[in-house]
Amino acid sequence: MTRENAWALLTEYNKDHFHLQHALTVESVMRWFANELGYADEADKWAIVGLLHDLDFEQYPDQHCIKEEEIMRSAGVEEELVSRLPPGAEGRAPTQHVPNAAYQFAGEQTYAVQFHPEVFHTEEG
């Protein structure tokens with residue numbers, strides 16, 4: 001998927017300035033980390049992952065992360081952009097709707113967790 005196609009998909013489902021700015025910010029951060037961590041050859045790919053990461057949130061907040069995969073697959077987004085973990089990461093905590101809610105970088109004590117305080121499907125968020 002090209003950056004232009006990713007932007008078109010994002011703006012099809014998101015109109016709010018905050019959501020679009022958030023996507024652009026995460027796109028830039030993902031590109032920066034890819035370059036800094038030695039994955040410059042994949043920087044464009046990781047930037048697109050960042051751009052699309054909350055694709056479904058504006059229109060489907062109660063189905064966030066569920067609708068996103070459906071939308072991306074129906075738009076022909078490559079599977080590795082839909083569900084891929086960063087290089088060297090291993091999934092540690094799948095949930096019913098998010099197969100990679102937490103992961104660890106192999107051989108390191110470095111972990112990543114997706115946390116969304118705006119989610120209300122359990123008492124803890």
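This is a predicted model: local features need pLDDT of at least 70, side-chain atom pairs count only at pLDDT 80 or more; totals for chains, interfaces and linings use all residues.

## A walk through the model

At 45% relative accessibility, glutamate 70 counts as partly exposed, because that value falls between the limit for buried residues, under 20%, and the limit for exposed ones, over 50%.

The protein has 125 residues, of which buried residues make up 33%, and its secondary structure comes to 5 helices and 3 strands. Read from the N terminus on, the elements follow the order α-α-α-α-α-β-β-β.

What lies inside? The largest nonpolar core has 15 residues, and those that touch the most other members are Leu9, Leu10, Leu52, Leu55, Met72 and Val77. At least two residues of this core come from each of helix H1 (3-13), H2, helix H3 (43-52), helix H4 (66-74) and helix H5 (79-83). H1 gives the most to this core, with 4 residues.

From the core we can turn to the charged side chains. Side chains of opposite charge can pair when their charged atoms come close. In this model the count comes to 6 salt bridges, and one of them joins the side chains of arginine 31 and aspartate 44, with 2.6 Å from N to O. Because arginine 31 lies in helix H2 and aspartate 44 in helix H3, this pair ties together parts that are 13 residues apart in sequence. The two partners also fall into separate accessibility classes, for arginine 31 is partly exposed, with a relative accessible area of 28%, whereas aspartate 44, at 52% relative accessibility, counts as exposed.

Another salt bridge brings together the side chains of arginine 73 and glutamate 79, with 2.5 Å from N to O. Here arginine 73 counts as partly exposed at 40% relative accessibility, and glutamate 79 counts as partly exposed at 38%. This pair belongs to a network of salt bridges that links Glu69, Arg73 and Glu79.

Finally, which nonpolar residues can be found on the surface? A nonpolar patch there is formed by Val29, Trp32, Phe33, Leu37 and Tyr39, which together have about 500 Å² of accessible area. Valine 29 lies in helix H2, which covers residues 17-36, and valine 29 counts as partly exposed because its relative accessibility is 38%. Tryptophan 32 counts as partly exposed as well, at 48% relative accessibility, and so does phenylalanine 33, at 42%. The structure holds 1 aromatic pair, and tryptophan 32 and phenylalanine 33 are the residues that form it, in an edge-to-face arrangement with 4.9 Å centre to centre and 85° between the planes.

How values were computed. Residues are numbered from 1 along each chain as its sequence is written. Side-chain values use heavy atoms; hydrogens and water are left out. Patches are made of residues with over 30% relative accessible area and no salt bridge: like charges are joined within 9 Å, nonpolar side chains (Val, Leu, Ile, Met, Phe, Trp, Tyr) within 5 Å. Accessible areas come from the Shrake-Rupley method with a 1.4 Å probe; for residues, only the protein chains shown count as cover. A salt bridge is a side-chain nitrogen of Lys or Arg within 4 Å of a carboxyl oxygen of Asp or Glu. Buried means under 20% relative accessible area, exposed over 50%, partly exposed in between (1.4 Å probe, protein chains only). Rings of Phe, Tyr and Trp (its six-membered ring) pair if their centres lie within 6.5 Å; planes under 30 degrees apart count as stacked, over 60 as edge-to-face and the rest as tilted. A nonpolar core is a set of buried Ala, Val, Leu, Ile, Met, Phe, Trp, Tyr and Cys residues joined through side-chain atoms within 4.5 Å.
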